[in-house]
Amino acid sequence: MKFNSKVKHDMSFELERLVRPNILALEPYSCARDEFKGMDAHVFLDANENPYNGPLNRYPDPLQENLKAALSSLKGVSSEKIFLGNGSDEAIDLVYRVFCEPKCDNVVAIAPTYGMYKVCADINEVEYRPVPLDENFQLNAEALLASVDAHTKVIWLCSPNNPSGNCLQRDEIVKVLRGFEGIVVLDEAYSDFSDQMPFRLMLDEFPNIIVLNTFSKAWASASIRLGMAFASAEIIGLFNKVKYPYNVNKLTQDKAMEMIKEVFKVERWCTQIRMEREHMLPALHELPIVKRVYPTDANFVLVRVTDANAIYHYLVERGVIVRNRSRVELCQNCLRITIGTQPENNELLAALRQYK
């Protein structure tokens, strides 16, 4: 596989050098629906499917071509640069399986951040090197790049970040992209709640970037388990080579197509959440038990309180569940609160006002 790019990039980027040799040599499984591309067939006796209970008796499209075409128009990314998986976690795991040699390579990540990056590193026996953000949960590109060595294949970034909620400074992200010869994964799961331009629209400028997104947040469809990855056609080709043949089931594909037709409803939901977020931030500031409310560009807010453990259990007793992040680096005595509906938010605030 050869990587061709005509764009300007500060570092030499050779995709083939980064891929595990066994993956480059891999002959992917060829399923019946890959081999047949005809348009007129009506008798299907190729895949050992049960002929009854249509349409659920048929295997789903292994490459989700219709869904990718619909997403291409919506996301401004061509279909061959889109990967769809069983949640974003599948794409996260594929990054390790494609690029990282177990017990040899390492990855670098910001801290704190989404926990699955480390879980997948541990599962794949890849060293995970966390680099702390500053006290405002901001990235220092030089500090991050200082942790890179000859065996570093991937850098993990999340913006808006989880659990802090803030967007990382764009200039610092670009420094990482331009200063690292390996793969940079930028998780934009919460980008629909932010004003920043998504990096998926800059794939041609940065051939080493993989941008993650999901149907779980803005699309309010966490239960269908559909994640997206945007990258060069060459990187997406590697993902498709390694993934399991029918990784996204028909029910998920069909439901996602239905949701895409309701994009204006989704936009209204995002607007309502952002409006509720703006109401919640000052209301939380006023509470005596709140020490700091961190800036957020996501559909949640990180709040430092007097005693996170006690307040968490107090809320649980009242049927209100938030996330206690006290054990996470830089998040001592912090609760992560998702922005809900107005009645849900008001119930939370009322309970916190009564806490003694």
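Reader: How many residues of strand 2 are buried?
Author: In this predicted model, strand 2, which spans residues 106-111, is mostly covered, with six of its six residues buried.

Reader: And which residues point which way from strand 2?
Author: Asn106, Val108 and Ile110 point one way, while Val107, Ala109 and Ala111 point the other way, and all of them are buried.

Reader: What joins strand 2 to strand 3, and do they run parallel or antiparallel?
Author: Six bridges join strand 2 to strand 3, which covers residues 127-132, and the two strands run parallel. Within that pairing, Val108 has Arg129 of strand 3 as its bridge partner.

Reader: Switching to helices, how does helix 5 pack with helix 9?
Author: Helix 5 (residues 87-99) and helix 9 (residues 233-242) pack at an angle of about 95°, and their axes are 10 Å apart. Angles of 65 to 115 degrees count as roughly perpendicular, and helix 5 and helix 9 are therefore roughly perpendicular to each other.

Reader: Which residues meet there, between helix 5 and helix 9?
Author: On the helix 5 side they are Ala91, Leu94, Val95, Arg97, Val98 and Phe99, and these meet Ile235, Leu238, Phe239 and Val242 in helix 9. By class, the residues of this contact divide into nine nonpolar, no polar and one charged.

Reader: Is helix 5 mostly covered or mostly exposed?
Author: Helix 5 is mostly covered, since 11 of its 13 residues are buried. Among the buried residues of helix 5 are Gly87, Ser88 and Glu90, as well as Leu94, Val95 and Phe99.

Reader: How do the axes of helix 5 and helix 6 cross?
Author: The axes of helix 5 and helix 6, the latter being residues 116-123, come within 9 Å and cross at roughly 45°, which makes helix 5 oblique to helix 6. The crossing of these two helices is right-handed.

Reader: Which residues make the contact of helix 5 and helix 6?
Author: Helix 5 contributes Asp89, Ile92, Asp93 and Tyr96, and helix 6 contributes Met116, Tyr117, Cys120 and Ala121. That contact of helix 5 with helix 6 has six nonpolar, no polar and two charged residues.

Reader: New topic: is Ile209 buried or exposed?
Author: Ile209, which lies in strand 6 (residues 209-214), has a relative accessible area of 1% and is therefore buried, the cut-off for that being under 20%.

Reader: What does Ile209 touch?
Author: Leaving aside residues up to four places away in sequence, Ile209 touches Leu177, Val184, Leu186, Phe199, Leu203, Phe230, Ala231 and Ile235.

Reader: Last topic, the open sheet: in what order do its four strands come?
Author: The order is 8-9-11-10, and the pairing is antiparallel. Strand 8 (290-293) and strand 10 (323-324) stand at the edges with a single partner strand each, so one side of each is left without a neighbour in the sheet.

Reader: Which helix packs on that sheet?
Author: Helix 11, residues 263-285, packs on the sheet and touches strand 8, strand 9 and strand 11, and its direction makes about 150° with that of strand 8.

Reader: And how many bridges join strand 9 to strand 11?
Author: Five bridges join strand 9 (residues 300-305) to strand 11 (residues 334-338), and the two run antiparallel. Leu302, for instance, has Arg336 as its bridge partner in strand 11.

Note on methods: Residues are numbered from 1 along each chain as its sequence is written. This is a predicted model: local features need pLDDT of at least 70, side-chain atom pairs count only at pLDDT 80 or more; totals for chains, interfaces and linings use all residues. Side-chain values use heavy atoms; hydrogens and water are left out. Two strands pair if DSSP finds at least two bridges between them. Contact means heavy atoms within 4.5 Å. Axes are lines fitted to C-alpha atoms, for helices over the stretch in contact, and angles run from 0 to 180 degrees between N-to-C directions. Angles under 35 degrees count as roughly parallel, over 145 as roughly antiparallel, 65 to 115 as roughly perpendicular and the rest as oblique. Ala, Val, Leu, Ile, Met, Phe, Trp, Tyr, Cys and Pro count as nonpolar, Asp, Glu, Lys and Arg as charged, and the others, Gly among them, as polar. Buried means under 20% relative accessible area, exposed over 50%, partly exposed in between (1.4 Å probe, protein chains only). A crossing is left-handed if the near helix is turned anticlockwise from the far one by less than a right angle, and right-handed if clockwise.
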